[in-house]
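Work through these exercises with the coordinates open. Try each task before you read its solution.

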Amino acid sequence: MGNTRHRIENSTVSSFESSRLLYISTSKYEGDWQSILHSHPFSELFYVVNGSGSFVAEKTEFPVSKNDMVIINPHVQHTEKSLHTTPLEYIVLGIDGLFFSFENIISAKEGISVQTSMGAVYKYNMQSSNVYAYLNIMLEEISQKQENFEAVCQNLLEVLLTCMLRNNNLSIVQSSNTLANRECAQIKNYLDANYSENISLDTLASLTHMNKFYMAHAFTKYTGLSPINYLLQKRIQEGKSLLESTSFSIAQISAMLGFSSQSYFSQAFKKATGKTPISHRNEFRGKDKNHSSSVNL
């Protein structure tokens, strides 16, 4: 009787603790739905079981067929189109806390990488892998819902991701929330340093290479204020300081802060503080004078 033992030494186990399986779904095109661009705040894995068609990532369209895996990063607009002659049949995983990096794409044979305003989409063929077997086990676990089926599916997700990362073009850089927080911190620092400049949402989106609507949503969640309101708050704070410490006119301060007009500065200042810029300056100087008198006494 033959006996073979394989020892595992000094193994490195990849950790996907921040990645959570949200759902797994199956679909087959039967001419009963319309292709509409949409996006999610999480990543998706789109695996083609049978058929052929095309995949659309924002403004780019590319073909997909059996055994193709399409990786969609968070907040990327996408959809799929099926051929009526060979309708698409596919499995989709929704995964939270996951953001892929796609590097070193040499040829279409190795994969197709599509850069978008919110990251990228990557497609490659997984015919030689066991991905379909793992997905089928996950579907079976979810349909039967036996004890601890969620843990089994989560563990199978980690197995699937580990196998996917054997592709040298793929890596997981960080969770999407971590990435968004990093970009939001960059925006905050930029606004703090350049508040007197003419800054728009397009300016900030270009700075971070983010979709401007998602960027505004992420920044609001990060700071509690929209980018424009944060910029306005920063200008008002600096305005207070200039009113208290300088003799510049209201018009001069308004221009220094980046307001389009003196009247807009006065209106914004009163809305934020309840006082006009003149009232704030006079009130501060009155307090300062009273304080000096009491010290001299």
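**Exercise 1: the nonpolar cores**

Task: find which residues of the largest nonpolar core touch the most other members.

Solution. The largest core has 26 residues, and L45, M69, I71, L93, L135, M138 and M164 touch the most other members. A nonpolar core is a set of buried Ala, Val, Leu, Ile, Met, Phe, Trp, Tyr and Cys residues joined through side-chain atoms within 4.5 Å. Buried means under 20% relative accessible area (1.4 Å probe, protein chains only). Next, list the elements giving two or more residues: β1 (20-28), β2 (43-50), β5 (68-72), β7 (89-96), β10 (119-125), α1 (131-144) and α2 (149-164). Helix α2 gives the largest share, 6 residues. Another core, of 23 residues, lies apart from this one and includes C184, Y195, M215 and L242.

The model is predicted: local features need pLDDT of at least 70, side-chain atom pairs pLDDT 80 or more, while totals for chains, interfaces and linings use all residues. Numbering starts from 1 along each chain as its sequence is written, and side-chain values use heavy atoms, without hydrogens and water.

**Exercise 2: α4 and α5**

Task: state how the axes of α4 and α5 cross, and which residues meet.

Solution. The axes of α4 (201-208) and α5 (212-223) come within 9 Å and cross at roughly 90°. That makes the pair roughly perpendicular (65 to 115 degrees). L201, D202, L204, A205 and T208 of α4 meet K212, M215 and A216 of α5 (contact: heavy atoms within 4.5 Å).

**Exercise 3: α7 and α8**

Task: do likewise for α7 and α8.

Solution. Their axes come within 9 Å and cross at roughly 85°. Helix α7 is thus roughly perpendicular to α8. I250, A251, I253, S254 and L257 of α7 contact Q262, F265 and S266 of α8.

Key:
Axes are lines fitted to C-alpha atoms, for helices over the stretch in contact, and angles run from 0 to 180 degrees between N-to-C directions. Helices (H or I, at least four residues) and strands (E, at least two) are DSSP runs, numbered from the N terminus. Angles under 35 degrees count as roughly parallel, over 145 as roughly antiparallel, 65 to 115 as roughly perpendicular and the rest as oblique. Buried means under 20% relative accessible area, exposed over 50%, partly exposed in between (1.4 Å probe, protein chains only).
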